[in-house]
Amino acid sequence: MNGTKVTADALRAMKGRGGKIAALTAYDYPMAKLLDEAGVALLLVGDSLGMVVLGYPDTTHVTMADMEHHVRAAARARPRALLGADLPYRSFETPREALRNARRLVAAGAEAVKAEGGCRIRRQVCAIVDAGIPYLGHLGMLPQSVREEGGYRIKGRTEEQRQALLADAAALAEAGSFAIVLELVTPVVAAEITRQVPVPTIGIGSGPECDGQILVTHDLLGTFPWFTPRFVTPRLNAAEQMRAAVRQWMADL
Ligand code: KIV
């Protein structure tokens, strides 16, 4: 990507062009700025901030106020990357509520919003897209459903799940999503969705054949070492380097 501002349309147009879309989470000013300087195309203020920043056990505790606070911080970096933000747990129960909260995130500085779900939230997606707000879909394992589902489970293992995922992806593309995140979908089904939908898929733990990949930045850099998903190979052990630097500083006091 060159130095021009990344838009949702530009990301959508990357489908089929050969290059992979690189996306990472950012929850504050320095991280958004650093990742942007590295050339990431999509920055997401994900509700994963509930675990890796706020210390909650899962994303269901994250509020709109939490999201607005972190979106404002990341937006101050004025990234070239598209800045997306998550609609948190139960903030998009109806089309009206989804649109109201999407507008709050945009007012805080988000340039696109994401919510978890497919056909079930089609009317919410249409309300957001019709209002001119770029929308990023999210299918597969949906972290906001962790309590109902009793854990984080890989999706696409049964024929029923495969068909539901394909139908959900088609519905999101038709409703106007500019891309779709596929989380913990079996690689075979993720590849099938990628071939079938006209918008880019951005995988996380869903194999190599998606149009792009997204990770929680803390997993990639090793800044949340107490839990690392199995599909992530950390590229830095920042936690150990931080501990060592602090010990060295203390020893020199
Ligand atoms: O909340 C999040 O960080 C996410 C991505 C990792 C897909 O939804």
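Figure 1. Arg-90 lies in the loop between β3 (82-86) and α5. The model shown here and in the following figures is predicted. Most residues other than glycine have a negative phi. Arg-90 is not a glycine, yet its phi is positive, about 55°. The residue is exposed, with a relative accessible area of 52%.

Figure 2. The loop between β6 and α9 holds Leu-184. Although Leu-184 is not a glycine, it has a positive phi of about 50°. Is Leu-184 buried or exposed? Leu-184 is buried, and its relative accessible area is 14%.

**Figure 3. The barrel of eight strands.** Eight strands close into a barrel, and their order is β1-β2-β3-β4-β5-β6-β7-β8. The pairing is parallel. From one strand to the next, the twist averages 25°. Strands of a sheet pair through backbone hydrogen bonds, either parallel or antiparallel.

**Figure 4. Strand β7 and its two partners.** β6 and β7 run parallel and are joined by four bridges. Across this pairing, Val-181 has Ile-202 of β7 as its bridge partner. Strand β7 (residues 201-204) also pairs with strand β8 (residues 212-215), in the parallel sense and over two bridges. Here Ile-202 has Gly-212 of β8 as its bridge partner. In a regular strand the side chains alternate between the two faces of the sheet. In β7, Thr-201 and Gly-203 point one way, whereas Ile-202 and Ile-204 point the other way. Which of these residues are buried? All of them are buried: Thr-201, Ile-202, Gly-203 and Ile-204.

**Figure 5. The packing of α8 and α9.** Two packed helices are described by the angle between their axes and the distance between the axes. Helix α8 (residues 159-175) packs on helix α9 (residues 187-196) at an angle of about 30°, and the axes are 10 Å apart. Angles under 35 degrees count as roughly parallel, and α8 and α9 are therefore roughly parallel to each other. Their crossing is right-handed. On the α8 side, the contact is formed by Arg-162, Leu-165, Leu-166 and Ala-169, which meet Val-189, Glu-192, Ile-193 and Gln-196 in α9. The residues of this contact divide into five nonpolar, one polar and two charged. The buried residues of α9 are Val-189, Ala-190, Ala-191, Glu-192, Ile-193 and Thr-194. These buried residues pack against α8, β6 (179-183) and β7.

**Figure 6. The packing of α4 and α5.** The axes of helix α4 (residues 64-75) and α5 cross at roughly 30° and come within 8 Å. That angle makes α4 roughly parallel to α5. The crossing of α4 and α5 is right-handed. Met-64, Ala-65, Met-67, Glu-68, Val-71, Arg-72 and Ala-75 of α4 meet Asn-101, Arg-104, Leu-105 and Ala-108 of α5. Seven nonpolar, one polar and three charged residues make up this contact.

**Figure 7. Helix α6 and the glycine that follows.** In helix α6 (residues 122-130), the residues Gln-124, Val-125, Cys-126, Ala-127 and Ile-128 are buried. What covers these buried residues? The cover includes α5 (95-108), β4 (112-114), β5 (135-140) and α8. After α6 comes Gly-132, which has a positive phi near 90°.

Terms used:
Residues are numbered from 1 along each chain as its sequence is written. This is a predicted model: local features need pLDDT of at least 70, side-chain atom pairs count only at pLDDT 80 or more; totals for chains, interfaces and linings use all residues. Side-chain values use heavy atoms; hydrogens and water are left out. Two strands pair if DSSP finds at least two bridges between them. Axes are lines fitted to C-alpha atoms, for helices over the stretch in contact, and angles run from 0 to 180 degrees between N-to-C directions. Angles under 35 degrees count as roughly parallel, over 145 as roughly antiparallel, 65 to 115 as roughly perpendicular and the rest as oblique. A crossing is left-handed if the near helix is turned anticlockwise from the far one by less than a right angle, and right-handed if clockwise. Contact means heavy atoms within 4.5 Å. Ala, Val, Leu, Ile, Met, Phe, Trp, Tyr, Cys and Pro count as nonpolar, Asp, Glu, Lys and Arg as charged, and the others, Gly among them, as polar. Buried means under 20% relative accessible area, exposed over 50%, partly exposed in between (1.4 Å probe, protein chains only).
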